[in-house]
Amino acid sequence: MTAKMHWSYDILKQMAIEGASKSDLEDMKDLLSNEIGSARKKDRIHTIQDLIDCLERGDQINEENVDAFRTIGRQNPPLLQALDSYQKVPFTRPFVNQYREQRLADQLRQQLHISGSHHIAPPQAAVAPQPQPQNYVVPAQFTAEKRAAIFKKISQECGRSWRELGRKLGIGEGIMDDIETTYPRDLKSRILRLLQIFEEDECNDPRQLLLQLCQGLADCGRKDLRKKVEQIMSH
């Protein structure tokens with residue numbers, strides 16, 4: 001019996017891009033309209049690559065969930081055959097993303113703080129303050145190498161989302177207009193300058209800088225890129 005070939009996610013993605021017909025793109029967009037999420041996003045999809053990128057940004061397709069590839073490859077027998085033999089990366093041990101744990105812990109503490117602010121505590125006798133338990137994992141150090149890797153990754157992949165990311169990070173429209181004027185044809189340089197301006201505003205607390213950066217990526221619809229940043233920080 002011939003051994004079954006196992007396909008990686010990147011190979012499946014490439015097969016979907018190369019094997020799909022652009023003439024079928026509109027049908028695919030209609031079939032995947034719920035996964036795309038909005039008419040505005042749908043109108044921005046002009047190629048199969050755009051479609052897959054949109055689904056990845058919305059976390060509708062990833063290494064754990066390749067169902068959308070079946071819709072994209074419904075007339076692509078090699079891709080459908082590869083999907084039948086596709087296997088996720090074998091589980092060996094739990095992966096603990098320290099930076100992601102830190103972000104979730106901070107979000108939870110913030111929610112608890114807001115929730116608790118609605119109640120007035122009864123007066124209590126003064127007692128010596130007790131140290132608060134640290135129930136989260138201390139994030140990996142934000143080294144110069146990791147900073148460079150994170151900024152490079154975002155500048156390469158943020159693309160047309162850069163202005164929305166800037167808004168989520170609190171960067172003014174005028175500042176972003178100046179950035180675009182300075183780099184009219186260099187999108188990567190625009191994004192790097194945006195990140196530098198954000199970093200200058202938040203440079204006193206690198207941990208909060210990263211938390212806010214990841215939250216900004218999620219809020220502007222780039223959860224896929226947020227995961228990649230957290231992956232860099234976990235190494």
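User: In which helix is the place of Asp224?
Analyst: This is a predicted model, in which local features need pLDDT of at least 70, side-chain atom pairs count only at pLDDT 80 or more, and totals for chains, interfaces and linings use all residues. Residues are numbered from 1 along each chain as its sequence is written, and side-chain values use heavy atoms, with hydrogens and water left out. Helices (H or I, at least four residues) and strands (E, at least two) are DSSP runs numbered from the N terminus. The place of Asp224 is in helix α14.

User: Is Asp224 buried or exposed?
Analyst: Buried means under 20% relative accessible area and exposed over 50%, with partly exposed in between (1.4 Å probe, protein chains only). The relative accessibility of Asp224 is 14%, so this residue counts as buried.

User: Leaving aside its neighbours within four places in sequence, which residues is Asp224 in contact with?
Analyst: Contact means heavy atoms within 4.5 Å. Asp224 lies 169 residues from Leu55 in sequence, with the two C-alpha atoms 9.6 Å apart in space. Once neighbours within four places in sequence are left aside, the contacts of Asp224 are Glu56 and Arg57.

User: Which residue has its backbone oxygen 3.1 Å from a polar atom of the side chain of Arg222?
Analyst: Arg222 counts as buried, since its relative accessibility is 4%. Leaving aside neighbours within four places in sequence, Arg222 is in contact with Arg57, Glu157, Cys158, Ser161 and Leu217. The backbone oxygen at 3.1 Å from its side chain belongs to Cys158.

User: How many disulfides does a search of the whole structure find?
Analyst: A disulfide is a covalent bond between the sulfur atoms of two cysteines. Here the cut-off is a pair of cysteine sulfur atoms within 2.5 Å. Across the whole structure, the number of disulfides found is zero.

User: How far away is the cysteine sulfur nearest to Cys220?
Analyst: Cys214 has a relative accessible area of 0% and is therefore buried. Cys220 is in no disulfide, and the nearest cysteine sulfur, that of Cys158, is away by 5.7 Å.

User: Why is α5 largely enclosed by the rest of the structure?
Analyst: The buried residues of α5 are Ile48, Asp50, Leu51, Ile52, Cys54, Leu55 and Glu56. Their cover includes α1 (9–19), α2 (25–31), α3 (33–36), α4 (39–43), α6 (67–72) and α14. Helix α5 (residues 48–57) is largely enclosed because the buried share of its ten residues is seven.

User: At roughly how many degrees do the axes of α9 and α14 cross?
Analyst: Axes are lines fitted to C-alpha atoms, for helices over the stretch in contact, and angles run from 0 to 180 degrees between N-to-C directions. The axes of helix α9 (residues 144–157) and α14 come within 10 Å of each other. The contact is made by Lys146, Ala149, Ile150, Lys153, Ile154 and Glu157 of α9 and by Leu225, Lys228, Val229, Ile232 and Met233 of α14. The crossing angle is roughly 160 degrees.

User: Is α9 oblique or roughly antiparallel to α12?
Analyst: Angles under 35 degrees count as roughly parallel, over 145 as roughly antiparallel, 65 to 115 as roughly perpendicular and the rest as oblique. The axes of α9 and helix α12 (residues 187–201) come within 8 Å and cross at roughly 135 degrees. That angle makes the relation of α9 to α12 oblique.

User: Is the crossing of α9 and α12 left-handed or right-handed?
Analyst: A crossing is left-handed if the near helix is turned anticlockwise from the far one by less than a right angle, and right-handed if clockwise. Residues of α9 including Arg147, Phe151 and Ile154 meet residues of α12 including Lys188, Ile191 and Leu192. The crossing of α9 and α12 is right-handed.

User: What is the relative accessible area of Arg190?
Analyst: Arg190 is found in helix α12. Among its contacts beyond four places in sequence are Trp162, Ile179 and Tyr183. Arg190 is buried, with a relative accessible area of 10%.

User: How many helices does the protein chain have?
Analyst: Of the 235 residues of the protein chain, 36% count as buried. The chain has zero strands, and its number of helices is 14.

Notes:
A polar contact is a pair of N or O atoms within 3.5 Å; within protein, one must be able to donate a hydrogen and the other to accept it, and residues adjacent in sequence count only if both atoms are side-chain atoms.
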